[in-house]
Amino acid sequence: MNVLNSSQKVTRSVRAVRTLLSPPDIPTPALLRARSIPNQRLVKALGISSTFVSDDPGVHDNFTREAKVLIGAVSAKDGWSRLVDVAETCVNRFLDAKSLDYATFVQSVTLSVVLAGLLGTDIEDLDPVDVAFVTKAINDRWAQSKSSTTLTTEVLDRINHHIIRWVPDRTNPLNLIIPAYETMWRVAAIAVVYSNRDSLLRDAFISYNENPIDDQFRAFANEGTGAQPSAEAIICEVLRLHPPTRHITRAVVVPWWKRPFVPSIDVADIEEAHKSPLFGNDPESFNPMRFHASHAAPKRDQLYAFGHGKLKCVAASWAPPAAAVITAKIMAKLDDVAFKLQEGPCIGKREGWEGWSIQRV
């Protein structure tokens, strides 16, 4: 635990992070309030009105119910098959775009999969230029919300112009789009990078591409003769070493007379907690095999990229295989025959992908 300044306290140990995210004997309304206060910046930046920025239990229940209905529909056999087809169509569609900037490509594919696969948007309505604008604008607005930059409404109005056109039958579709898109595009982008560097990882996603079912997602190849990582293990290792949510904040609500003496924000440092020795040897390195049973490894639900406890992300079980489908469809195209990945200086996060591109061979 460290106190960065008088207003923030940062926790880095696994135990402290678990306790912060799931404190004992705290009612749900209090948990919602503690989460919503630090997230108010997203109201102005992206117009979000969901449970992430509201302490209303009714808003939370409605959001959770709606998300579960959508996830249930795309998790059923026919819905999953359609999602897989949508992912392939989106990858092919954006490989035809003029710009093959890597981040723009993965962002565009992911947003389109969320829109068409989850929310029923017609893929033909997703013009690549409009999609690229929306993804960049969302990323820029998110980053700007953490700074002192003055946020105007003009860009948000343009984002909503496209979103409402694509999803006309829902109130504020960004409530559902943002959490799915924001997490998945970075997980897929990083999973592709590691898999492009390692033939064993590539093989796992090629196998999943050919047989995109849950058993294949979890399957370690060559069990008993030198196991090779599963698609699930690779995604879990991306979530561990490169969590899309690196820090989770909670407001500390205390009486006014205590405020000068108590930090106002608690920060769970997910990125550092995931580098604990509890996750095996050499936790700073990328090694999906740490999730193999022979390593007495952590399980997927022991990762904190999706939070923990009562407010854990409702899509925590669905998002990893969905990100794996996107990864698999991209890897099927990066065969060094038609397309190849040109690496930049370093692996990015939400930003930092300068120099990365997909090149036609």
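Helices here are DSSP runs of H or I with at least four residues, strands are E runs of at least two, and both are numbered from the N terminus. All views come from a predicted model, in which local features need pLDDT of at least 70, side-chain atom pairs count only at pLDDT 80 or more, and totals for chains, interfaces and linings use all residues. Residue numbers start from 1 along each chain as its sequence is written, and side-chain values use heavy atoms, with hydrogens and water left out.

**View A. Two loop residues with positive phi.** Asp-282 sits in the loop between helix 13 (270-273) and helix 14 (319-333). Its phi is near 50°, a positive value in a residue other than glycine. Asn-172, in the loop between helix 8 (153-166) and helix 9, also has a positive phi, near 50°. For background, most residues other than glycine have a negative phi.

**View B. Helix 6 against helix 9.** Helix 6 (residues 102-118) packs on helix 9 (residues 174-197) at about 135°, with the axes 9 Å apart. Axes are lines fitted to C-alpha atoms, for helices over the stretch in contact, and angles run from 0 to 180 degrees between N-to-C directions. The pair is therefore oblique; under 35 degrees would be roughly parallel, over 145 roughly antiparallel, 65 to 115 roughly perpendicular, and the rest is oblique. Helix 6 passes helix 9 in a right-handed crossing, meaning the near helix is turned clockwise from the far one by less than a right angle. The contact residues split into 15 nonpolar, two polar and no charged. Here Ala, Val, Leu, Ile, Met, Phe, Trp, Tyr, Cys and Pro count as nonpolar, Asp, Glu, Lys and Arg as charged, and the others, Gly among them, as polar.

**View C. Leu-118 in helix 6.** Leu-118 belongs to helix 6 and counts as buried at 12% relative accessibility. Buried means under 20% relative accessible area, exposed over 50%, and partly exposed in between (1.4 Å probe, protein chains only). Skipping neighbours within four places in sequence, Leu-118 is in contact with Leu-70, Val-74, Val-113 and Trp-318, contact being heavy atoms within 4.5 Å.

View D. Beyond its neighbours within four places in sequence, Ile-235 is in contact with residues including Val-187, Phe-205, Phe-217 and Pro-320.

**View E. Helix 10 crossing helix 12.** The axes of helix 10 (residues 199-210) and helix 12 (residues 231-241) come within 9 Å and cross at roughly 120°. That makes helix 10 oblique to helix 12. Leu-201, Ala-204, Phe-205 and Tyr-208 of helix 10 meet Ala-231, Ile-234 and Ile-235 of helix 12. The tally is seven nonpolar, no polar and no charged.

**View F. Helix 4 meeting helix 5.** With axes 4 Å apart, helix 4 (residues 57-75) and helix 5 (residues 77-95) pack at about 85°. That makes helix 4 roughly perpendicular to helix 5. Ala-73, Val-74 and Ser-75 in helix 4 meet Lys-77, Gly-79 and Trp-80 in helix 5.
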